Amino acid sequence: MCNFATDFEFFYARNDMKYAIIAAGKGSRLTNEGMNTPKPLVKVGSEHLIDRLIRIFMRHDAEQIVVICNEESPTVEQHLRSIQKAGLHRTDGKTVTLTLVVKSTPSSMHSLYELSPYLTGEPFIATTVDTIFDENYFTDFLRAFKVTEGALMGVTDYIDDERPLYVTCDDNHHVTAFLDVPGSAYVSAGIYGLPSSSLKILRQCVEQGESRMRNFQRALIKAGLYMKAYPMGKVFDIDHTTDLKKAEAFIRAPRFVAVYRENPDGNKLRTADEKLLREVSMELSRRGYEATSASVLNQPVVSLSALPYPLVWLNMSRQPSQLHRLAQMEQVGHLVINSAQAVLRNSRHHTDSLMREHHIPTAPQHGDKGYWVKATSPKDPDRSLVEFFLSEAEADKRIEAIANQGWKLVKQAHIIGTVVKFYGIGHTFFRWYYADEVGKATPHNDHTPPSAARTPFSEEGLQQSAQKLAFMSGLDIYGGDAIIDLQGQFHIIDFNDWPSFSPCQKEAAVTIAHLITSRLTGSTIQKKTP
């Protein structure tokens, strides 16, 4: 299902796709409510429904787009002919063929049948023209379809239709039935990923006098076609003028995009990140925002900044290439938390220098208990080096050996004491834990007296120092480690952006959501209309 817990990407595969758009309906319900514009040319946001689908398909590997419109809507035909004449060109330079069929049909199933001669030979995706969905979800639908051997049916748990088609599935989302009466949490979203073999079944349905798309879908199950349901979040059908208002609010609502940290070997860490972002997503939804997601940013900034809805980036990435793109996002008005520009600045060396310059307690540079050398690769910020040496001479020798390779280095004298981990969000949230208690999730933010084995220290001082460092670093969401020495003095020895808040995720998620929504208040990014 499409949420923060899934490994989402702006994913663009190299193999091209065929798309079919069914736009032959008459839109009688809209007409009865006083709207004289043919449904394909109705605008949601700043785009005609038909143009929106064409744009989305162009961004998702379209090789050919085939459209059917009815004979009673000459303005739709004229509009599409003008697009044909101008030509369709993808950002990679490839030309996309737009094929138009003009014919009135009795049902969507018959419309698809009229398009079928152009869809043979390879899998294709078909949609009805009035389907409004989140483009991030469609990216992942396409990704899933390209590795599915059978059919993939888009479904939604947002039920706001007069005659919904309920889709029942097993625990693995294999479709077992299509029902006219409630029997499932999902209904059809009007988005169909189909193999070319399905066209034979479509032809049989037409020859047997079947009508309606749902009967074709039932025939696919009866024929034994492997079929899975793919949840696509909230999806709208534009049947009434009230649907337009809902869709407008949906499109204009911000999308919260998770950019995960790059840590291919850290499955445990990735799981913790995903759990945190899922909690944030749920909290944002409770506050009335559209919380959707994606993951790895590998799309050109220009096209991202032109998306029809605003993006809020929840950025865990530390890769320079990702961060530079996100920094450009900030410059065109997107909200990025933590700021990509701040993350780019905050290397270990920079943070260590800040603490020493502003008298924030940290490990001394000289001592008699050994030394730690900490370094970050100049090419891969997730590649770290942390080594211990008994003497300062050994530490300096190691530093000299790798400094010439461009590694940013920090040398810290070893401190005998107890490690504590802390987590913070701005000046409103701070929790700390003894490192050996993190799994037990026992917070010590309430001045709970430490056990006899623990050395007392200034909890308030640690909080003030961590918050001061976060402010100077430009980080809203932060965490780190500190050593409590035998005299009860704390020393911050590590400081990071976007921890996973493993021992206090639910509580942290509420504060993160509040931080985001407070930043959005008064900006051009608006809350969705209930």
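Predicted model: local features only at pLDDT ≥ 70, side-chain atom pairs only at ≥ 80, totals over all residues.
Let us start with an open sheet of four strands, whose order is E22-E21-E23-E24 and whose pairing is antiparallel. Which strands form the edges? They are strand E22 (429-434) and strand E24 (490-497), each of which pairs on one side only. Neighbouring strands of this sheet are turned against each other by 20 degrees on average, direction ignored. Inside the sheet, strand E21 (residues 417-425) runs antiparallel to strand E23 (residues 477-485), and nine bridges join the two. If you want a spot to look for, Ile425 stands opposite Ile477 in E23. Helix H15 (residues 459-473) packs on the sheet and touches E21, E22, E23 and E24. The direction of H15 makes about 40 degrees with that of E24. As a bit of background, strands of a sheet pair through backbone hydrogen bonds, either parallel or antiparallel.

**Two pairs of crossing helices**

Helix H15 also meets a helix, H13, and another pair to look at is H4 with H6. The table sets the two pairs side by side.

| Helix pair | Distance of axes | Angle | Handedness of crossing |
|---|---|---|---|
| H4 and H6 | 10 Å | about 125 degrees | left-handed |
| H13 and H15 | within 11 Å | roughly 120 degrees | right-handed |

Helix H4 (residues 108-115) and helix H6 (residues 198-207) pack at an angle of about 125 degrees. That angle makes H4 oblique to H6. On the H4 side, the contact is made by Met109, His110, Leu112 and Tyr113, and on the H6 side by Leu202, Arg203, Cys205 and Val206. How many residues of each class does the contact of H4 with H6 have? There are six nonpolar residues, one polar and one charged.

Now for the other pair: the axes of H13 and H15 cross at roughly 120 degrees. H13 is therefore oblique to H15. Thr351, Leu354 and Met355 of H13 meet Leu469, Met472 and Ser473 of H15. By class, the contact of H13 with H15 divides into four nonpolar residues, two polar and no charged.

**A hairpin**

Strand E10 (residues 166-169) and strand E11 (residues 175-179) pair in the antiparallel sense over four bridges. Together E10 and E11 form a hairpin, with five residues between them. Tyr166 stands opposite Leu179 in E11. In the turn, His173 has a positive phi of about 65 degrees.

**An aromatic pair**

A search of the whole structure finds 17 aromatic pairs. One of them is formed by Tyr19 and Phe138, with 6.2 Å centre to centre and 40 degrees between the planes, and the pair is tilted. Tyr19 lies in strand E1 (residues 17-23) and Phe138 in helix H5 (residues 135-145), so the pair ties together parts that are 119 residues apart in sequence.

**Two backbone details in loops**

Where can you find a cis peptide bond? The bond from Ile337 to Asn338 is cis, with omega near -5 degrees. Asn338 has its place in the loop between strand E17 (335-337) and helix H12 (340-345).

The other detail concerns His359, whose phi is near 60 degrees, a positive value in a residue other than glycine. His359 is found in the loop between helix H13 (348-357) and strand E18 (371-376).

Conventions:
Residues numbered from 1 in each chain as written. Heavy atoms only, no water. Axes fitted to C-alpha atoms, helices over the stretch in contact; angles between N-to-C directions. Parallel < 35°, antiparallel > 145°, perpendicular 65-115°, else oblique. Left-handed = near helix turned anticlockwise from the far one by under 90°. Contact = heavy atoms within 4.5 Å. Nonpolar A, V, L, I, M, F, W, Y, C, P; charged D, E, K, R; others polar. Pairing = 2+ DSSP bridges. Phe/Tyr/Trp six-rings, centres within 6.5 Å; stacked < 30°, edge-to-face > 60°.
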